[in-house]
Amino acid sequence: MKILEYKNKVLLSILLILLFAIIYLLVSNVARGFDITDESYYILYAEHQDEIYPVIRRDGVYTGMLYALTHGNLAYFRLSGIILLLIVSTWLAVEIVKYLSTEMRMIINKWFLIIPIIISSLGYYRYWLLTPSYNWLALLSIMLVLIALLRVINRKYTNYKKIFAFDYLLLAFSLNLAFMAKPTTALILALIIFLFTIIERKNVNLFKAYFSIFVLTIAIVLMHIIWAYGDFSQYYDRLIESLHRMSTVDPRYTLNDRITTTIKEFKDFFFEKYYFQRIKNLYIFIIIILILLAVTVKTYRRIGVLVLYLIFISYIYLLFNEGLILKLKAIWFRLTELLTLSWVIVFISLLYTAKFKIFFRRYLFLFSITCVFSLGSIAYALGTNGTMIYAMSSSIIFIVIGIMIANTIIDNILSVNIFLVTAGIAISIFVFHVLLSAYNNPYRLITNITDQNQKVDLLGGLYVDEVNKKYIETLKRIKEKYTKSNQKITLLDMTGGSPGANVILDADFFGEPWLAGAYPGSNKSLKMILESYRGSKKLKEAWILTAPKGKRKLDLIILNDFDLNFPENYEKIQILKTAHRAETQELWRPKKN
């Protein structure tokens with residue numbers, strides 16, 4: 001007994017060390033690095049929410065609150081995002097433990113379940129984009145929806161008779177967060193809520209639940225709209241215009257097109273890129289033999305348990321092989337394989353118990369719940385402009401939850417304490433490895449995080465690489481040279497791919513924080529945006545940033561459609577070189593009469 005307790009303490013210490021190491025890795029580097037593309041876009045969305053015209057997403061309302069609370073200090077802004085993610089994931093893990101122990105009456109070594117779930121939530125930072133964004137808010141909202149659903153069941157005796165219970169309010173608020181972050185996320189979350197409540201219909205008063213969720217969600221969304229826009233009609237007009245602008249930029253990104261594309265991505269990836277291009281057939285063959293062996297030796301319990309465990313750890317080694325996983329970036333698919341194997345082992349393990357029928361129904365029920373929770377990854381990624389499978393890999397927490405539940409069941413069936421511990425430590429090591437890789441290859445930075453060591457006076461003080469430092473300091477020096485103290489300028493960024501100059505210059509923009517280039521309708525969309533500023537002083541006095549050979553540049557001829565007479569009426573005041581893409585940019589300002 002003492003040996004077992006000692007072993008558990010050692011293994012728990014390993015998990016805690018991994019958790020603190022990951023947190024330290026993130027927290028100690030919140031002031032390092034500055035991306036002039038996506039991250040700058042997130043900052044502009046948070047800082048200038050009132051100046052942004054489109055209303056498809058309004059995540060800046062919430063990230064903006066956080067940004068204001070941290071007084072525009074980017075390091076603190078990033079830190080607050082990490083802390084909130086840790087708090088919400090811990091809350092989710094605790095509710096899962098309550099659900100399994102009270103509703104499913106399972107024996108749980110709770111810390112071995114809680115800590116890996118917390119760690120897996122930090123897998124969100126696999127690109128080393130630490131700044132809170134719409135993706136970050138979408139992830140939080142999905143976790144909050146799952147928390148609310150679990151609380152509805154965990155507190156069923158309180159919630160069953162009430163119409164407007166706190167947990168329904170939490171659910172409605174979380175749906176609002178999702179809708180403001182990414183409407184497609186809210187769409188899938190509505191499906192998750194429906195499926196979960198149907199599965200748990202014995203513990204939920206469906207009429208009261210649906211009525212309450214519907215009324216509270218509509219009320220919160222309407223309050224948000226009135227608070228942000230004053231009245232619904234203004235919001236509606238801007239919504240229609242925003243949808244029109246979005247379809248102009250790239251008509252391929254309709255909801256129907258994204259669903260069709262996603263199905264094709266899964267098909268192509270699964271059948272062409274994933275299995276048939278990997279040297280793995282031999283492993284699969286061996287695993288099938290071992291599973292058959294486990295079934296045939298069911299009368300010899302110890303041998304059967306050992307075989308199942310060997311299957312499990314061999315598959316973990318296969319799936320988490322460093323070269324394969326980082327090359328394909330298919331983290332979500334790899335973990336889904338482990339989830340599938342875990343549930344196969346669950347149902348094989350049932351052969352070792354005399355209460356097969358009773359346990360089969362109970363665990364089939366839990367299997368349904370984990371499948372519903374796994375939809376969280378789809379809710380997170382649906383609507384992305386990139387490959388959805390890769391995007392889903394930032395939300396592995398929802399697959400990890402299923403893995404941890406399945407291995408908790410295996411331990412309970414076989415009366416052992418090895419599967420949950422093994423899965424938890426393996427997943428934690430894996431996430432740590434993924435984040436180390438992100439540390440060494442951060443998103444759109446030219447060096448690793450260690451070499452982001454040049455201090456600049458930007459957003460509360462940051463450390464960047466030498467090229468980025470020169471870019472930042474040159475822009476700040478130019479602004480000081482050509483403007484009066486605290487004078488605000490407006491920047492028309494025609495580079496199409498790097499809104500970072502707006503952040504550095506603290507400049508106003510034209511309704512959109514990022515005038516994106518390289519899409520089929522980018523130039524047409526730019527014309528629509530500038531049309532509302534035609535003849536205005538703001539447009540005539542705006543500085544212009546160009547990228548003559550930029551891959552994403554916008555067409556400069558458009559400027560003359562608005563009587564700007566570019567470049568004749570402008571003077572070139574600086575030539576710049578970016579770190580990302582090594583792009584040469586030119587900064588222009590109107591000539592004085």
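**Exercise 1. The open sheet**

Determine which strands stand at the edges of the open sheet in this predicted model, and why one side of each is left without a neighbour.

*Solution.* Step 1. Write down the strand order: the open sheet has 4 strands, arranged S3-S4-S6-S5, with mixed pairing. Step 2. Look at the ends of this order: strand S3 (491–493) and strand S5 (570–577) are the edge strands. Step 3. Each of these has a single partner strand, so one of its sides has no neighbour in the sheet. Step 4.

**Exercise 2. Pairing and packing**

State how strands S4 and S6 run, and which helix packs on the sheet.

*Solution.* Step 1. Strand S4 (residues 543–546) and strand S6 (residues 584–590) are antiparallel and are joined by 3 bridges. Step 2. Within this pair, Leu-545 lies opposite Leu-587 of S6. Step 3. The packing helix is H21 (residues 466–482), which touches S4, S5 and S6. Step 4. The direction of helix H21 makes about 160° with that of S5.

**Exercise 3. The second largest pocket**

Describe the lining of the second largest pocket by class.

*Solution.* Step 1. The pocket holds about 480 Å³ of space. Step 2. It is lined by 13 residues, and those closest to its centre are Met-104, Glu-200, Lys-202, Asn-203 and Phe-365. Step 3. Helix H17 (residues 356–381) supplies the largest share of the lining, 4 residues. Step 4. Sorted by class, the lining comprises 8 charged, 4 nonpolar and 1 polar residues.

Notes. Residues numbered from 1 in each chain as written. Predicted model: local features only at pLDDT ≥ 70, side-chain atom pairs only at ≥ 80, totals over all residues. Heavy atoms only, no water. 1 Å grid on protein atoms, 1.4 Å probe; cavity = no way out; pocket = protein on both sides within 12 Å on 5 of 7 lines; lining within 4 Å. Points joined across faces, edges and corners; volume = space filled by probe spheres on them. Helix = DSSP H or I, 4+ residues; strand = E, 2+ residues; numbered from the N terminus. Nonpolar A, V, L, I, M, F, W, Y, C, P; charged D, E, K, R; others polar. Pairing = 2+ DSSP bridges. Contact = heavy atoms within 4.5 Å. Axes fitted to C-alpha atoms, helices over the stretch in contact; angles between N-to-C directions.
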